[in-house]
Amino acid sequence: MNVLLLSMPDSFEHMPPVAIRMPNGALASLAGNVDHHHRVAIADLILVQDTVRPTIERLVREIDPDLVGLSVMTFQRRTALEVARFLRGLSPRVKIVVGGYDPSLASRAYEASDAIDFIVRGEGEQTLRELLRALERSASRSGERVDLSSIRGLSYRTADGFVRNADRPIMPLASTELQLPNRGARVLGGYTMLGRTVDVVETSRGCTFDCSFCSIIEMRGRNFHPYPIDRVLADIADARAHGAEAIFLVDDNITLDVERFAELCEAIVDAGFQDSEYFVQAMTAPLAQHGARLAPLMRRAGFRYVFLGIENILDDDLMFLKAKAKNARREHGRTVGNASIEAIDHLHRHGMYVVGGLIVGNPDDTRESIETNLAFARQYVDWPYIQHPTPYPRTPMTRDFRDRGLIVDEDVAHYDGTTAVVRSEQVAAEDIEFLRWRAERWMKVRHMPAAFAHSPGFVLRHGLEMLAHTFAGTTVKSLLGLESDRAVFERYRQQRRQQREHAVA
């Protein structure tokens, strides 16, 4: 069968396509684990934001897909449904399947669309493989009705509505024979991070913490499943063979197992792969407690940027986020403070940059508590990744906000993390977003010299475009001080709304 896999074109504010265009690693893993006689093509539409419809038209014409799969996050839902309708118009016979966090946790939103035939819930490699086998059997038997009832993790349309099969158990990656991602199936090019070719590698899945804002445990439960180190090295080698100069390790929580992470760093060096640049997400507590050993290992292995899940520096907010334990500094089994500053210090002393992940706008936040977190970010982090609490489907946070009547925006197209869609008891949603936006712009500018030192050619070519993204809404009048920051902020918000409305260009 001919299979076309698409990721959506919508991008995060903190990851402007001019600087960061990441491949969707899940799609490559799906492509690598279907039966090899299928013809699979992957198109990450982030690479063609200005020509989404013509690109889809061309791919449908060239590939003539029997099945199209869409990978969807919550803020991309509206775009995905529009893409599905567009595909249905281009090819009425094509089967359309959706998967990812949002379809897994908000299936009914997709069941309501006549354009959707199948929903893959949870991990998709085995489910998609079995679905293709079933559809292929049906085609070979002159359209005999296919029995899909045994495919776990699948929902499918019937004349009487959608049928939801039993959930698929989480795969133990150490003993499950998953093939490497099929990067060769990608049919678009241009994956870059600050001008360097970038790819993604997964070394583990899952997390055992139960942070109230996170969709991971709602989708897969509290568990942690690592790949064998040899398999990770083979994946890194494959990414490098496909041209990757920078590699983002996309694990949900790679520092859950400190010894394994240290072993991975040593294995990267032993394999001679330390000349690639690595980016990783990490918890503060392990890096604070073990940073004296981990940070030198990470630097020697080629790690450059670390996304640090600081979440918040105030204990009351960490309690609401259920993130206090993973940000606690511990000695002799006792909590002795917040781990963030010590973790950051270890990373900085070994030449790594900190992308600071914080969440402001929690239910009991005041202007003062928000400003306290923003001041912390100004002082300690190199690149801010500050978000607002967002009521993603089925998370404990969503239930809490809804019970307290704090959700002010139900349009999930705005659920991108940097649009404030909930208010606090003390501060309006728009004011929360304004405080973050006003502070973050200048934090990002401060990192420009480091970006220039790292990638001078890229910054010379695209620096003005990067500044235009960072200072969206700015005019000559505002630069001259003839307009308030509020007026600039409103133009910025209007531009973001227009981008969402025209995502399928």
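**Rings, charges and strands**

I started with a charge over a ring: arginine 186 lies over the face of tyrosine 191, 5.2 Å from the ring centre. To count, NZ of Lys or CZ of Arg must be within 6 Å of the ring centre and within 35 degrees of the ring normal. I then looked at arginine 486, whose charged end sits over the ring of phenylalanine 434, at 4.2 Å from its centre.

I noted where this comes from: the model is predicted, local features need pLDDT of at least 70, side-chain atom pairs count only at pLDDT 80 or more, and totals for chains, interfaces and linings use all residues. Residues are numbered from 1 along each chain as its sequence is written, and side-chain values use heavy atoms, with hydrogens and water left out.

**Aromatic entry**

I asked how many aromatic pairs the structure holds. There are 13. Rings of Phe, Tyr and Trp (its six-membered ring) pair if their centres lie within 6.5 Å; planes under 30 degrees apart count as stacked, over 60 as edge-to-face and the rest as tilted.

I checked phenylalanine 12 and phenylalanine 75. Their ring centres are 4.7 Å apart and their planes stand at 40°, so I wrote down "tilted". The two residues are 63 residues apart, and the pair links distant parts of the chain. Phenylalanine 75 is buried, at 6% relative accessible area. Buried means under 20%, exposed over 50%, and partly exposed in between (1.4 Å probe, protein chains only).

Next came tyrosine 305 and tyrosine 353, also a tilted pair, with 5.3 Å centre to centre and 35° between the planes. Tyrosine 305 is in strand 15 and tyrosine 353 in strand 18, so the pair ties together parts 48 residues apart in sequence. Strands are DSSP runs of E, at least two residues; helices are runs of H or I, at least four; both are numbered from the N terminus. Buried or partly exposed: which is tyrosine 353? At 21% relative accessibility, tyrosine 353 is partly exposed, while tyrosine 305, at 9%, is buried.

I also recorded one aromatic cluster: Phe434, Trp437, Phe489 and Tyr492.

**Strand 15 entry**

I followed strand 15 (residues 303-311). Of its 9 residues, 8 are buried, so the rest of the structure largely encloses this strand. Strand 15 pairs in parallel with strand 14 (residues 277-282) over 5 bridges. Two strands pair if DSSP finds at least two bridges between them. On the other partner, strand 18 (residues 353-359), 6 bridges join the parallel strands. There, glycine 309 stands opposite glycine 357.
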